[in-house]
Amino acid sequence: MLQRFCLWKWLAVGIAVATILAGCLAQNDEDCKLARTGPPATIVPIDEESRNGTILVDNMLIKGTAGGPDPTIELSLKDNVDYWVILDPIRQTLYLNSTGRVLDRDPPMSIQSIVVQVQCVNKKVGTIINHEVRIVVRDRNDNSPQFQQQRYYVAVNELTPVGTTIFTGFSGNSGATDIDDGPNGQIEYVIQYNPNDKTSNRTFDIPLTLSGAVVLRERLNYEEKTRYFVIVQANDRAQNLNERRTSTTTLTVDVLDGDDLGPMFLPCVLVNNTRDCRPLTYQASLPELTDPALVNPISVTPPIQAIDQDRNIQPPSDRPGILYSILVGTPEDYPQYFHMNLTTAVLTLLKPINRDLHQKFDLVIKAEQDNGHPLPAFANLHIEVLDENNQAPYFTRSTYEGFILESSPVGTTISANKNLTSPLQIVVLDNDVEETKDPQLHLFLNDYNTFFTVTQSGITRYLTLLQPVDREVQHLYTFSMTASDGVQESVPVTVNILVIDANDNSPTFSNISYNVKIYTDMKPGEGIIKLTAVDADEGPNGQIVYEILAGDQGDFNINDRTGLITIAPGVVLSVGRSYALTVKASDSAPPAQRRSSITTVYIEVLPPNNQSPPRFPQLMYSLEVSEAMRIGAILLNLQAFDREGDPIRYFIQNGDPQQVFNLSQSSGLLALGKPLDRESTDRYILIVTASDGRPDGTSTATVNIVVTDVNDNGPVFDMFLPKNLSVQEEEANAFVGQVRATDPDAGVNGQVHYSLANFNNLFRITSNGSIYTAVKLNREVRDYYELIVEATDGAVDPRRSTLTLAIKVLDIDDNSPVFTNASYTVCVPENLPPGTVFLQIEAKDVDLGSDVNYRIRSQEALEYFALNKYTGELSLVKSLDYESFSDTEATFTFLVEAFDSKGTMPPGLATVTVRVKDMNDYSPVFSKKLYRGMVAPDAVKGTVITTVSAEDQDPPGTPASRVRYKVDVVQFPYSASIFDVEENSGRVVTRVNLNEKPSTVFKLVVIAYDDGDPVKFNTTTVEIAVLQPSVIPRFTQDEYR
């Protein structure tokens, strides 16, 4: 029994010891195992360029004790390539070992992950367990994008439609690259503002920033700008916007000239601040009834020429030629008279023009390209039909000398010589008329037209007398004469008419009778009185002969030339005797024409004494004094003789009320005391006395002073004639008005000549002061002139005066309306409702009172467009459909015209080009609402997951039909950071190397959009499942042989 008890006791002890031993063995088996659940590998991230000693794993959580007096495990590192990891076995901590180096994820080191094995040796049981530690090196944004080229270049035609992608040179490896990973290495492109090319950033755009494709956003115009410098910035997509890095490059865009402009006529004068030419009018003139062979080709000023405004179309062989034609014109039968060469614009006359039917032609000429380009240019052509009498008349001599007898009756013809044997012949010709025919000219005199007139017809003209002339009043008439054919005027000629003296004046004594006292002590031969008779005639007619007819009783003689009566030789005078002498004064004309007059001299003989009065040597004195004579000048010595030697005092008794003359009382010298003015007083008759102081000691004499003219007066205009004048435009040789000026000076000093001080090229003035237009005036160029007329006298040093005339140019309808633009181009979106106004055109007619109306000239355009005749508003008749056009550029080009409803001139023309704008009718449509895809948790960057697809029903080939894809980064931002969609293919790919948890499902929103205007888009959702590693098939080897 005891033995059995002991047996059970030891059995119990053995069982207890075994239990203890099994427990110890079981505890030793757990050492080196992980004290955590989950995947066996430890995966930790670390940023590249982390500093040395950075903790990678704070605690490996391996069971067992590696330190102390009784360690159960022993830890070490295996596969520690390049020794990037340091192990602290006691703390089970892993550190980064980057002493003397940098952990760089980017090339050339390209360390993206570090994998080491932590080997654990169970010191109790001797087992070994390796624990994998996978250290993922995370990217830092430490590199900027780098463009592969310093500069980029593209050439774009100016006709490229807006919305077109013009440059894709940033795609692939040609653009910018960034060696960073993930978003830090993803490149976006944007266009920056260029201060040196301020329009580049609005002309171009990069709507798809990831692709870098440059799209045209504004129409190009080669004529305004030929080169753009576009600054393109490349930046990475670091999540922290402040950490993003950038770099820039310049894209040079050269604009190529396209055929977008029509011709323009030369010369082109630009309207201010525009590229439009001012309306141009070519001028030509033709003599009427002229044989076309004599004038063809017609000379046009300036020569008609048009050039294509697109001057640099390449290659040159593509440049179009210019075609010319006459579009419209007035009068409407112009095609019967004129033809224009289609390619040279040479104008030819088809048949002679009768000016009685047509005085002018106003044509509209058109220049257009020979390639059908719908933008013609227009210019006006004004053709003047000249009167066949278009050459100026001319006199055969430059001066004419004529003679007239002063006694000639009215109607007497002026003679050509002093003998008056032949008439003065004035011959005036006009080369427009045969020399044997009367040229029907009008001759007019600039002066003395009340004294003389010229016969009105014939090749040879004659001057005749209109009123009697008096040589003693004026002996020479000088004037100019001009001939006019109604269009042009001859050069003036000078006519001098000399008045020949006729014996029409008798010698005249100053007194009817004379009383003389003589004394018995006077000696024979002593003069007692000197008679003076005056005859205004000249030559023999004015030479006077004196004789005593009766009463002298032989006691007295008279000098037949001087008129001095003296005591005859041997005569003894007796006191108390008296005589009455009849004295005759005769001129020296032929006996039949001789004229005479008589006077009586009463002589009384007195006894000798000393009481006789002073005696003047002459009873009559005559002299001429210039009105310019200086004050104080001695004019005459009037000293008398006194027989007794008594002192004599001299006085002006009569004839000088204004005291113009001074007579020395003691010497008898006559001097000028005040200025003379012939125009106020041209003659003075002074009665001068000489006295010896006794009551009867006085005698008198007459002084006849004629004041001669000097040119001291200028012409004076008649201010009663109108100074505000008017004339109608577009009329040559039109009468404007007349001025008249007079000059009070005598002779040539008083002859007035007219001239114009300004606008001599526009106006002319005749010798009688009539003013005409020299050319056709254009009121639209200038409607008011201040014409200065100058009047000069005929002196050697002439005096002048001026008169300013205000001339208003009256309007006629001579201008067509002109559009503000020669061509209009407008972009009209399709599908606008009928009645929509899309453009307002405007034309102006510079004629006064014009009423401009508008209409569409091209009939085919009326189906689509309407034009308000009053406002010029263009509107739609029906909606336009871009897709209905067969050509690539949907355009309408048509002519519009503006006309004056009150006028007769041809209409003004302009072209309107309507570009129909495609308005993107359809949005892209995905083939599925939801797409699904799968991806490994450690898939590398660029792994294709699935493909999305969308279609756009807009017309193929248009920007609106082109479908592109992008990720919506707003709804699921994390998904958008690790997944992407290719822009053109729609393939969904990984953006980065994945390290995601299996069984995770990501949602990604993909946008499909077009390039239309406006941009339309649609979205779909892609679900991406991360597979378990166990269900992912894997190759067992990297390489098979």
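Tutor: What follows moves from one threonine to its setting in the chain and then to the confidence of the model.

The model is a predicted one, and the residue to look at is Thr520, which lies in the loop between β35 (513-519) and β36 (527-530). UniProt, in an unreviewed entry, places the feature "domain: Cadherin" at several stretches, including residues 510-616. By contrast, the C-alpha atoms of Thr520 and Asp968, which are 448 residues apart along the chain, are separated by 160 Å.

Two other stretches that the UniProt record lists under the Cadherin feature are residues 148-265 and 719-819. Residues 148-265 are 3% helix and 40% strand, with the end C-alpha atoms 49 Å apart, while residues 719-819 are 0% helix and 46% strand, with the end C-alpha atoms 46 Å apart.

As for confidence, the protein averages a pLDDT of 87, and 95% of the residues score at least 70. Confidence is highest in strand β68 (residues 925-926), at 95, and lowest in helix α1 (residues 2-30), at a mean of 53. Over residues 17-25 pLDDT stays under 50, and the model has zero contacts there beyond four places in sequence. Where pLDDT is low, the predicted coordinates should not be read in detail.

Methods: Residues are numbered from 1 along each chain as its sequence is written. This is a predicted model: local features need pLDDT of at least 70, side-chain atom pairs count only at pLDDT 80 or more; totals for chains, interfaces and linings use all residues. Side-chain values use heavy atoms; hydrogens and water are left out. UniProt positions are given in the numbering used here, feature names are shortened, and annotations may be inferred rather than shown by experiment. Helices (H or I, at least four residues) and strands (E, at least two) are DSSP runs, numbered from the N terminus. pLDDT is the predictor's confidence in each residue, from 0 to 100. Contact means heavy atoms within 4.5 Å.
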